[in-house]
Each structure stands twice: as structure tokens, then as C-alpha cells.
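Thanks for making the time this morning. I would like to walk you through the side-chain contacts of one model, so please have the sequence and the structure open while I talk.

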Amino acid sequence: MATLLGSHSPGIRGKRSIRNGNIIAKIRQSQIVGQGFSRGTQLPEELLQERDKRAKWHGIPKLLQKLHESSHPNSDLSQTHSLLKELSSLLSMEAMSFVTEDRKSAQESTFPNTYTFDLFGGVDLLVEILMRPTLTMKKKKPKMNDDFIKDCLSVLYNCCICTEGVTKSLAARNDFVLFLFTLMRNKTTFLQTATLIEDILGVKKEIIQLEGIPNLSRLVQSFDQQQLANFCRILSVTISEPDLGNDDKHTLLAKNAQQKRNASPSRAEVNQVTLLNIPGFIERLCKLATRKVSEATGASDVLQELEDWYTWLDNALVLDALMQMATEEAEPSSTESDESLQATSPLRHRLPQSMKIVHEIMYKVEVLYVLCVLLMGRQRNQVHKMLADFRLIPGLNNLFDSLIWRKFTSSNHVVHGQNENCDCSPEISFKIQFLRLLQSFSDHHENKYLLLNNNELNELSAISLKANIPEVEALVNTDRSLVCDGKKGLLTRLLIVMRREPPDSSFRFWQARAVESFLRGATSYADQMFLLKRGLLEHILFCVVDSGCKSRDVLQSYFDLLGELMKFNMDAFKRFNKYVSTGDKFQTFMSQINSSLVDSNMLVRCIVLSLDRFESQTDDLNVVEVLSECCLLSFMARVENRLAFLFRLINIINVQTLTQENVSCLNTSLVVLMLARRRGKLPLYLNALREKEYTEKYPGCLLNNFLNLLRFWQRHYLNKDKDSTCLENSSCIPFSYWKETVSVLLDSDRTSPCAIASYIDEPFMDLDRDLLED
């Protein structure tokens, strides 16, 4: 900027000396230290005029001086508004270029007008003007013109997106952030306010506390449905835990340490409770999520909203899609008469149906995200009951064909992000949020049967009756007035579209996760058979063995789903053997498993558990037949193969690298050893691990690593009720036996044949144990 200003002007040396001639440096210095000029407009008028042309300020400092002088408390602000409009015209083109340019080039551009506006105190002045009514002691607060407020907010937003640091400086002012929420009561200024708040909260270091917003409950209840949907964009920032950003912080070791430091509920969790306490809030979100496009707002309202604040579209793809559809569909027919054109509203107010659909989809993305976060929070059971009572699932089922999966959208190779910042089209975001909601809704919860219709529930009952096993209690207790309507339930519809997806589509990952969550928990034979009868197992095997799928994420989701689908189920193993009927197919399948045990270990656990159960039921001829014929069970029955898996499972993890994703490897290795202990073969397995160490020429490393992992396991799981329940349900092994086996393995008595310490030579004991210490 110093080069723009040029050298010191001789015409003003006698009036005021400014060393180095760098006005900008002086202004910035005074803003930092709090001495001297508080804003650039306090400089002498002659100086500003003399420097304006050379510095290319375009008269902005002078306009700001006039703006300040005209905005005194007793002013009607009409002149102030005129000046603001003049300033806004100088700034709006820069904001437009930021929105429409390629992101990279836009970020590398400079925006001299907005920079000058901020430098000379324009941002602070607008904040001061907006908040002035809150500072008066008069009972009757002065009222500002709505258009003036809108223009103030527009200018502030333009400065936020074009000038680095403005958003952060506004975010640091909690009084201003909370004040902005009060402006949302006015529908005229709502969208501009919401957009600015969202931008500010996105950079704020700490999550704001919703309970600090004045009259929050009354504010939310005053919103119409469109406003509430937009408000969900803001809520998503306030109820989600901040992204930790660093992979190291996602380790279980770091998470446990953080939980110890922050024993009380986080701000995000407190905000979730605050929302749930607002009367009618969840019910309105359910109505928004399930309403049909025909029930949405009028076309002119929607288009006006998009025109008034185009920058609300946070994704250039969305803007492009809307404009393209408007061009393609809004052209009047050549046969349309002049009379009919005159009888209708102007063309720009007749919104094409496809644009209206995309607009509704954008709303639903925000609503589903908020519902999904609430479903995964501490108040999960309360939220579950409300979503069931307000018939969210039947409502989504009725929208499935007409809106949710109205067409197949290409989404190959990339598993799109789980948060609200995922940079993808509205169609893709909508489908992903829908699938994530189904996953959260079904996961370890008895309400999962609401995803079926009455006929499908009867089918489950018939399966149980035929197999001569009792119906699952959750199925018996399902309120049939809350289940899906129509010929197909939501789960069945999901299976149909799942089979149509291209092999590497990232939707397959989320689809498989949603179906797997339906099977999670205590294993249900009827649930498995319901899915097996619909060809799910054969479809998954085709994707794993024959489709050439290379996506690790998709393969992992299929291995997990296979594990839940086949566990303890003889029919599933028969179907598997029938599909993998040749040696080549079986080798392809095993190659996929072995390519990444982190991805496939849940399936390995399923096979080991199922084999153990079948081997205890050899009085049943059907079981004997499956054991003798199934290539997968025969492979796992060989001890050397189980030991090979065990060695690799222990070797690919350590305490420092344990995450929520790979901790399953530790639990799978424990399952192998627990089953060996039951059969009195634990010493055989431990000795084999010791021999493997010496063969690989690193004695003590593997077993010491396992010791540290088990010590961590004790500290991690013995304080987590949910995790222990999941382990017990998924393995059908009492958690007491898990704890007992870990204690036996960690026994310090070196004479115990079941203690790991007995298999580590004295010089190699406790290698790296200090890494586990706090």
C-alpha cells in the first residue's frame, strides 16, 4: 500500500507531520495500541482529498466522513442511507467477483475498495450505527428503516468475504453477534442477517451459547418454515462439535484425555438441550423434512428470496444449477398467446418446477443435518421418541421416489464429507444426509422397525414362527401406527436403489452403512433372513468379487455389512458358498479381505464367532453339512489361518494410533483369544505369537505392544457403558468374560500359562510401556 500512497506531500508538511508518509501504517498502529486515530476518517479533510486520487481510494474516506457526520443519534438517517448506497455500489462489484470467480483466483485477488472501507473505519461505523438503538435509555427505542438495515448488513457481508480479518473481528464481538439474532425477527432483514451470522460463526473460536440469545424460544417460534430451514444452517454450527482438524487428536488416547479435562457437557451439547426445550421445534423440523414440493412456498417468494440474496448459495455449483434450469425451463412456449402472457406474473416470477425442487432440497439438507446431529447426541432417546411420534420415517418414505431418489446422481470415487461443509451439489448432499439420518435412527435402537411397513413386519413374524424362535421384543413392541405406509417400507426402497448404483459410487458406502445399522445390536435371525430373501448377500458378493470395485471405503462398508448379515446364520454361509463356487472366486474374495484388515476385520470376527458356535452344535446334521462344505468356514477352521489373522491384527495397531475406526482390530484379536480360552487353547496361541516374534527377529515387540493395547482397553472400556454393551451384543459373549480374559492376559504372574508376561523374556519386558502413561 505504501507504493500506492506515493511520497510525502509537500503541501501539508507545515500543517501536520506524518513520518514516513505511510498513513495506512499509522492508522493500523493506532487501532492496535488504542492511541491516536481510532478511524481513518479523523484525518484532515485536505489530506484525504490530496491522497485520494494517488492512492485510488475512490472517495471512500470522504464518503465515510460524511456518513459519520450524518448518522448522529437524532438523525432520521435518510442522508446516511443515500451515502451508504453510494458506498455499497463501490463495494458490491468486488463481492460479486468473489462469488462468481473461480475460488482459487478469487482468493488470490485483492479487493481495494472493501479494504479501504474497513481501513478507514467503515465496518466499525456500521456496527455502531446498527447497535445504537440498543444503547439508548429511552423506553421507546428509535426504529430504523428496514432497507437501511438490509444495506448495512449487505455491506458488512461484502467486507467479510472480500477482506481478510473482518469476519474474525466481528466474531470477537459477542455483543454484536447476539444483537444480530434480534434482527432475525424481521422477515425483511432475516436472510441478510442469517447469512452474515453464518459467516461470522464459521470463524468464531468458541461456539456461542444459544441460551444467551434474547428470547430465543419466542424468536424461533416466530419463524415461518422457510426461515426455520435457513436458521438450521446457523444451528448446524452451534450444535456440532468443532472439527479437531489434526488426525493425531482423533486418536482414542487423545479423546480420552480430552474427556477427562472436560468432564462437563460441551457447549454444543448444552445448545442441543436448549433447542429441544423450545416448544414445537422438533415437530416443525419433521414437517419441513417431510413436506412435499407442492406444499412449499409460492414460486414468486422463492425466486425473490434467491434474487435478494444470491450469496446465500454457499456453493457455486448450486448457483450454476439454478441459473441453468431457469434458462432451460423458463422460456415461454412459442405458441403461447400474448393474452396468456399478460395474464400471468412476469416471467422472472414464474419459477421452473426443477428449480423449485432444488430449492426445497437445499432446505431439507439443513433440516436433516440438524436432526441427525440431535439423534447422535446425549438426548438420543428423547429425540428418537419425538421423531417417531411426529412420523418422520413414514413421511420420508412417502418422499423417497418423488424427491429423495427421484433420479440417480453420479457420485463416483469420493466418499463425501460428513459435515455441513461438504462441497457437493444439493442432490448429493441431500442423499447423503438422508442416508446418515437412517443410519443414526436405526443404530442400536428398537425404533428401527419403523423403517418397515405392516406387511413387512408380518413377514418378520412369519420368519420367526417358521424357525421356531421367539419374536424379537422390539418387534413385538413396535407401534404399528407409526410404521411406513404403502407397498414398500423405507428399508426395502433403499435396497432397491442400492442394487442400481454403479460399483464405485460413494452412495454405496452410505447405503451399506444405513442397512448395516438396521442389523446392529443383538443378532436377529429374522432380520437377516428378511434381507437375505431380497438377494442382499449375492449383491454384496458381486460388488466385492466380480464388479472390480476398488474403493476402500465402499469395500469396508460391505465387509461390515456382510459380517452382520452372516453372523451365526447357516443359510447365509450356504448362500455364500453357492456364490463363491470356484477356487478363483474364493481367492479373489480372500485377497480383498487380506488387502486391508482394518477394513475387513469385522467380517473376520463374524466368521470366527460363527465357526465357534457351529462347532458346538455338531449334533445338528445341517450344521455338520455347512461345516464340511463351506470353503470359508473350512479356511477359518485351520488354526494356522486364525493365528495368521491374529498376528496381523495385533501388529497393525498400537496405542498411539488407535482410533474409532481401527480399535475394532483390537477387539477382534480379543475375540479370537477369548474363544481359544474357552476351549483351553489360550497358551497355544500365546506361544505361537512368541515363536512368531523370534522368527521375525524382534523378540518382545509384538507381545509388549499387545500388553499396552490391553492396558489401554481396560482404561477405555471399563468407563464406557455404551461401548461395553455394543461389544456384548455383537459377539454374544458376556462383557464379564471380556473383562476376565483381559485381566488373565495382563496377569503379572510369570508362571501363569495364560498371562502374556509368561511369554516375554525378562530382558524384553515392558518395552515402551511409558508411552501409555499420561
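This is a predicted model: local features need pLDDT of at least 70, side-chain atom pairs count only at pLDDT 80 or more; totals for chains, interfaces and linings use all residues.

Residues are numbered from 1 along each chain as its sequence is written, and side-chain values use heavy atoms, with hydrogens and water left out.

I will take the charged pairs to start with. Side chains of opposite charge can pair when their charged atoms come close. A salt bridge here is a side-chain nitrogen of Lys or Arg within 4 Å of a carboxyl oxygen of Asp or Glu, and a search of the whole structure finds 31 of them. One of these joins Arg233 to Glu198, with 3.0 Å between the closest N and O atoms. Arg233 is buried at 7% relative accessibility, whereas Glu198 is partly exposed at 21%.

Now to Asp443, which forms a salt bridge with Arg520, the closest N and O atoms being 3.2 Å apart. Asp443 sits in the loop between α24 (426-442) and α25 (454-466), and Arg520 in the loop between α28 (507-519) and α29 (525-532), so the bridge ties together parts that are 77 residues apart in sequence. Asp443 is buried, with a relative accessible area of 18%, while Arg520 counts as partly exposed at 21%. Both residues also belong to a network of salt bridges that links Asp443, Arg513, Glu516, Arg520 and Asp560.

Let me turn to the aromatic rings. Rings of Phe, Tyr and Trp (for Trp, its six-membered ring) pair if their centres lie within 6.5 Å, and planes under 30 degrees apart count as stacked, over 60 as edge-to-face and the rest as tilted. The structure holds 17 such pairs. Among them is the edge-to-face pair of Phe586 and Phe635, at 6.1 Å centre to centre and 70° between the planes. Phe586 lies in helix α33 (residues 583-595) and Phe635 in helix α36 (residues 631-637), so the pair ties together parts that are 49 residues apart in sequence. Phe586 is buried, with a relative accessible area of 10%, and Phe635 counts as buried at 17%.

How are the planes of Trp713 and Trp738 arranged, stacked or edge-to-face? They are stacked, with 5° between the planes and 6.3 Å centre to centre. Trp713 is in helix α40 (residues 701-717) and Trp738 in helix α42 (residues 735-745), so here the parts tied together are 25 residues apart in sequence. Trp713 is buried at 0% relative accessibility, and Trp738 is buried at 0% as well. Elsewhere, ring pairs link Phe181, Phe190, Phe223 and Phe231 into a cluster.

Methods: Buried means under 20% relative accessible area, exposed over 50%, partly exposed in between (1.4 Å probe, protein chains only). Helices (H or I, at least four residues) and strands (E, at least two) are DSSP runs, numbered from the N terminus.
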